[in-house]
Amino acid sequence: DMTTAWGGDKGTAMLLTGRVDIVLQGPETAIYIENGVSPEKSKMFAAITATDGLFLMSRKKLTMKSFNWDMIRNKTVMGWRPGSTPGLFLEYAMKKHGISPKNDIKHVTNIAIPARVGAWIAKKADYAVFFEPDISRLSREGFAYPVASIGSEVGKIDYTVFMATDSYIKKNPKLIQGWTNAVYKAMEWIKTADATDAAKRVSKWFPKVKIKDNASSIERYRKFGIWKSDPTTHPKAISGLQDILIEGGVLKASKRVAYERVVTTRFSENAKGK
């Protein structure tokens with residue numbers, strides 16, 4: 001009878017109204033809920049990704065070693081929707097290297113997710129950020145070349161987490177524990193699984209993606225530590241996330257929330273102990 005959802009504003013609303021039991025989304029959602037008016041609050045109980053999976057890609061054939069961030073000055077960069085977490089992480093990486101997203105580049109932020117690859121192929125930008133499997137596909141077809149990992153720039157800040165309301169967790173601890181155990185089991189498996197074999201196993205969820213692109217995605221995300229090997233969200237990740245949200249102007253410094261208000265470690269620590 002359990003229901004789940006993938007994040008976004010709709011996922012948050014469905015979680016708080018009880019239409020779904022568990023949601024997978026960014027940890028910033030729990031912070032917004034904690035600061036919101038709803039009496040129902042939430043906790044993240046198992047994290048999936050260790051940092052942002054976006055990569056900055058160049059139209060020119062550059063390598064990560066030959067790229068430096070000054071190259072994007074006065075260029076057109078296809079970013080993400082203003083105020084979105086991918087957009088905030090990208091801007092944080094730019095600022096780290098002394099690049100002003102407002103003044104030093106032409107920042108394109110109004111292209112919808114389904115249209116991004118087409119816009120890139122139509123040469124709407126000099127640089128752009130993409131997730132897998134678009135990175136592997138565009139690289140293979142010679143349309144774009146990954147030059148920087150946004151996750152490597154911002155550090156280990158959990159990016160996607162499983163969350164449930166406090167009341168649901170209290171009523172269903174065995175279910176939450178079983179879910180977390182399964183997440184940890186998958187984490188352990190993907191650490192050493194053959195990339196092609198793993199790509200074949202997940203291919204039914206990516207019917208339009210070539211096996212070779214799925215395999216390349218797995219190898220890249222594993223190489224750059226995008227996936228977590230530990231399902232626990234630690235205090236440093238929540239502190240770092242709130243730094244980025246404050247820098248990006250979507251969270252007031254006075255509204256920082258305590259780690260214990262948005263994270264429960266009980267289930268992830270139990271999973272690791274099994």
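Tutor: Helices (H or I, at least four residues) and strands (E, at least two) are DSSP runs, numbered from the N terminus. The model is predicted, so that local features need pLDDT of at least 70 and side-chain atom pairs count only at pLDDT 80 or more, while totals for chains, interfaces and linings use all residues. Residues are numbered from 1 along each chain as its sequence is written, and side-chain values use heavy atoms, with hydrogens and water left out.

Student: Where does Lys-123 lie, and what is its phi?

Tutor: Most residues other than glycine have a negative phi, and most peptide bonds are trans. Lys-123 lies in the loop between helix H4 (116-121) and strand E7, and its phi is positive, near 65 degrees. It counts as exposed because its relative accessibility is 63%, where exposed means over 50% relative accessible area, buried under 20%, and partly exposed in between (1.4 Å probe, protein chains only). Asn-74, in the loop between strand E4 (55-58) and strand E5 (76-78), also has a positive phi near 65 degrees, and at 72% relative accessibility Asn-74 counts as exposed.

Student: Which residues does a cis peptide bond join?

Tutor: The cis bond joins Glu-132 and Pro-133, with omega at about 5 degrees, and Pro-133 lies in the loop between strand E7 (127-130) and helix H5 (134-140).

Student: How should I read burial along helix H13, and which residues are buried there?

Tutor: In H13 (residues 266-273), the buried residues are Phe-267, Ser-268 and Ala-271. They lie on the same side of H13 because they cover an arc of only 100 degrees around the axis, the arc being that of the directions from the helix axis to the C-beta atoms. These buried residues pack against strand E3 (42-49), helix H7 (166-171) and helix H8 (173-192). Helix H2 (residues 28-35) is mostly covered, with six of its eight residues buried, including Ala-30 and Ile-33.

Student: Is Ser-42 buried or exposed, and with which residues is Ser-42 in contact?

Tutor: Ser-42, placed in strand E3, counts as buried because its relative accessibility is 1%. Contact means heavy atoms within 4.5 Å, and, leaving aside neighbours within four places in sequence, the contacts of Ser-42 include Ala-30, Ile-33, Asp-166 and Arg-261.

Student: Which residues touch the most other members of the largest nonpolar core?

Tutor: In soluble globular proteins, nonpolar side chains tend to be buried together. A nonpolar core is a set of buried Ala, Val, Leu, Ile, Met, Phe, Trp, Tyr and Cys residues joined through side-chain atoms within 4.5 Å. Of the 43 residues in the largest core here, Leu-56, Phe-67, Trp-69, Ile-72 and Ile-150 touch the most other members, and helix H3 (residues 85-96) gives the most to this core, with five residues. Leaving aside neighbours within four places in sequence, Ile-72 is in contact with residues that include Leu-56, Phe-67, Met-94 and Tyr-127.

Student: How many cavities of 30 Å³ or more does the structure hold?

Tutor: It holds two, a cavity being a set of points on a 1 Å grid over the protein atoms alone where a 1.4 Å probe fits but cannot get out, with lining residues having an atom within 4 Å of a point. Grid points are joined across faces, edges and corners, and a volume is the space filled by probe spheres set on the points. The largest cavity holds about 40 Å³ of space, and its lining, which includes Met-44, Phe-45 and Ser-268, takes its largest share, four residues, from E3. The second largest cavity, of about 30 Å³, has a lining that includes Leu-88, Tyr-92 and Ile-244, and the largest share of that lining, four residues, comes from H3.

Key:
1 Å grid on protein atoms, 1.4 Å probe; cavity = no way out; pocket = protein on both sides within 12 Å on 5 of 7 lines; lining within 4 Å.
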